[in-house]
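Dear colleague,

Please find below the structure that I am handing over to you. My notes on what was found in it follow directly after.

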Amino acid sequence: MIAAPHTYAEWVRVLDLFQSKSNDENVLQAMRQGTIEWQTGVAERFARRLIDAVNVRINAATDKFQRDLSHAHGQEGAIIQALLSLRKELSFLAKAINLPALPAKDRNHYLDLVVRKADEIQKALEDSARRDHTGRLASIVRNHKVNRL
């Protein structure tokens, strides 16, 4: 069990765990129970750390997706699994950034960043799948959208 963070220093430790994908469910639970004094200086540093951690995880998830896709060798099941794995990670990140400790305006803005990134990834996948003349890959990408958060 990870203690809920309340100070900036405690949040830094929890966000480091979050960024490194250490014990995701317990980290998420601690983050959702945490609080922070939303004041000038702390707010900006906290937001930067949170967004940086989410960006590291998005980059790692897309890298893993690319590796999974290259190992799929066109096998439909493996492609679907790679898409679902990416969607699961993006969905988790949307939950993680939608923290009750944040003011509603900021929380919505940060959540929108993740949603927009998921939409960008989905659009790129659909654009790339159009090159497959059989239409099979386009169908798979449409039916297993990564932006269903």
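**Salt bridges and their surroundings**

A search of the whole structure finds eleven salt bridges, a salt bridge being a side-chain nitrogen of Lys or Arg within 4 Å of a carboxyl oxygen of Asp or Glu. Please note that this is a predicted model, in which local features need pLDDT of at least 70 and side-chain atom pairs count only at pLDDT 80 or more, while totals for chains, interfaces and linings use all residues. Residues are numbered from 1 along each chain as its sequence is written, and side-chain values use heavy atoms, with hydrogens and water left out.

Helices are named below as DSSP runs (H or I, at least four residues), numbered from the N terminus.

One of the salt bridges is formed by Arg57 and Glu89, whose closest N and O atoms are 2.8 Å apart. Because Arg57 belongs to helix H3 and Glu89 to helix H4, this pair ties together parts that are 32 residues apart in sequence. From C-alpha to C-alpha, Arg57 and Glu89 are 8.3 Å apart in space. Arg57 counts as buried, at 1% relative accessibility, and Glu89 is likewise classed as buried, at 11%.

Glu89 also takes part in a salt bridge with Lys21, with an N to O distance of 3.7 Å. That pair links distant parts of the chain, since Lys21 sits in the loop between H1 and H2 and Glu89 in helix H4, 68 residues apart. Lys21 is partly exposed, its relative accessible area being 46%.

Salt bridges that share partners join Lys21, Asp24, Arg57 and Glu89 into one network.

What else does Arg57 touch? Leaving aside residues up to four places away in sequence, Arg57 is in contact (heavy atoms within 4.5 Å) with Phe18, Gln19, Lys21, Asp24, Glu89, Phe92 and Leu93.

**The loop between H1 and H2**

Lys21 lies in the loop that runs between helix H1 (8–19) and helix H2 (24–33). Its phi is near 60 degrees, a positive value in a residue other than glycine. Asn23 is found in the loop between H1 and H2 as well, and the phi of Asn23 is also near 60 degrees. For context, most residues other than glycine have a negative phi. With a relative accessible area of 44%, Asn23 is partly exposed.

**The buried side of H2**

Which residues of H2 are buried? They are Asp24, Val27, Leu28, Ala30 and Met31. The buried residues of H2 pack against H1, helix H3 (42–72) and helix H4 (76–97).

**His144 after H6**

His144 is found in the segment after helix H6 (136–143). Is His144 buried or exposed? At 18% relative accessibility, His144 counts as buried. Not counting residues up to four places away in sequence, His144 touches Ile80, Leu83, Leu84 and Arg87. The side chain of His144 also reaches the backbone oxygen of Ile140 at 3.0 Å. This is a polar contact, meaning a pair of N or O atoms within 3.5 Å; within protein, one must be able to donate a hydrogen and the other to accept it, and residues adjacent in sequence count only if both atoms are side-chain atoms.

Yours sincerely

Definitions and conventions:
Helix = DSSP H or I, 4+ residues; strand = E, 2+ residues; numbered from the N terminus. Buried < 20%, exposed > 50% of the residue type's maximum accessible area, 1.4 Å probe, protein only.
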